[in-house]
Amino acid sequence: LNIKVHANGSDVNVLSWNALVTNLLASGSDDGVLSVWDLRQFSGSAPAPLARFTPHQTPITSVEWHPTDESMVALTDARGAYIYDLSVEEDDVQQAANQNKNNDPQLPPQLLFVHSGSEQFKEVHWHPQISSCLMTTALSGYSVFIPSNL
């Protein structure tokens, strides 16, 4: 199976299988795009992702699904570590408000948490037993943290 999944030719840097929903795959690319794929719909010459998030401006360096929550995924780019909850949906009022703004980059409602403060993030990993604990590596060292909103 060799299919070009990014039309702009950007390299895919990282992949992660969802251990709980085995047909889901997350990918992060050089253009800063996080894509979530349903492999049951992965056919044809140009498959479309289930979800695509573009607020990142630097290459995605790491992506990992939550070990016990099938809808949560963590990722890093050079500027930070991010947690997305794919079960969050934008409501009609919020969508209308976002459409009225003039070309400002929008943060998706699925973005739950941002961790910055290290220099050049490289990896993020969930703790296998403490479900809300994460660890990141970066040029400036590593961080272990529990987000306050998880």
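Pro128 counts as exposed, at 67% relative accessibility. Here buried means under 20% relative accessible area, exposed over 50%, and partly exposed in between, with a 1.4 Å probe and protein chains only. The loop between strand E9 (121–126) and E10 is the place of Pro128. Helices (H or I, at least four residues) and strands (E, at least two) are DSSP runs, numbered from the N terminus. Pro128 and His66 are 62 residues apart in sequence, and their C-alpha atoms are 8.9 Å apart in space.

This is a predicted model, in which local features need pLDDT of at least 70 and side-chain atom pairs count only at pLDDT 80 or more, while totals for chains, interfaces and linings use all residues. Residues are numbered from 1 along each chain as its sequence is written, and side-chain values use heavy atoms, with hydrogens and water left out.

**Overall layout**

The protein has 1 helix and 11 strands. Along the sequence they follow the pattern β-β-β-β-β-β-β-α-β-β-β-β. Of its 150 residues, 41% count as buried. Contact means heavy atoms within 4.5 Å. Among contacts between residues at least 6 apart in sequence, 45% join residues at least 24 apart. The accessible surface comes to about 8,700 Å², and 49% of this belongs to carbon and sulfur atoms. Such areas come from the Shrake-Rupley method with a 1.4 Å probe; for residues, only the protein chains shown count as cover.

**Nonpolar cores**

A nonpolar core is a set of buried Ala, Val, Leu, Ile, Met, Phe, Trp, Tyr and Cys residues joined through side-chain atoms within 4.5 Å. The largest one has 15 residues, and those with the most contacts inside it are Ala26, Leu34, Val63, Trp65, Val73, Leu75 and Tyr84. Two or more residues each come from strand E2 (24–29), strand E3 (34–38), strand E4 (51–53), strand E5 (60–65), strand E6 (72–77) and strand E7 (80–85). E5 gives the largest share of this core, 3 residues.

Val63 shows what such a position is in contact with. Leaving out residues up to four places away in sequence, Val63 touches Val14, Leu15, Ser16, Ala26, Leu34, Val73, Ala74 and Leu75. There is also a second, separate core of 8 residues, which includes Met72, Ala74, Ile83 and Phe145.

**Asp38 and its partners**

Asp38 lies in strand E3. How many salt bridges does a search of the whole structure find? The search finds 1. A salt bridge is a side-chain nitrogen of Lys or Arg within 4 Å of a carboxyl oxygen of Asp or Glu. Arg40 forms a salt bridge with Asp38, and the closest N and O atoms are 2.8 Å apart. Asp38 is buried, with a relative accessible area of 6%, whereas Arg40 is exposed, with 66%.

The side chain of Asp38 also makes a polar contact with the side chain of Asn23 (2.8 Å). A polar contact is a pair of N or O atoms within 3.5 Å; within protein, one must be able to donate a hydrogen and the other to accept it, and residues adjacent in sequence count only if both atoms are side-chain atoms. Apart from neighbours within four places in sequence, Asp38 is in contact with Asn23, Leu24 and Leu50.

**Partly exposed positions**

| Residue | Relative accessible area |
|---|---|
| Met135 | 34% |
| Pro59 | 33% |
| Gln120 | 40% |

Met135 is found in strand E10 (residues 134–138). Met135, Tyr142 and Val144 form a nonpolar patch on the surface, with about 320 Å² of accessible area together. Patches are made of residues with over 30% relative accessible area and no salt bridge; like charges are joined within 9 Å, and nonpolar side chains (Val, Leu, Ile, Met, Phe, Trp, Tyr) within 5 Å.

Pro59 sits in the loop between E4 and E5. Not counting residues up to four places away in sequence, Pro59 touches Asn13, Ser29, Asp30, Gly32, Thr76, Asp77 and Ala78.

Gln120 is in the loop between strand E8 (111–115) and E9. The phi angle of Gln120 is near 55°, a positive value in a residue other than glycine.
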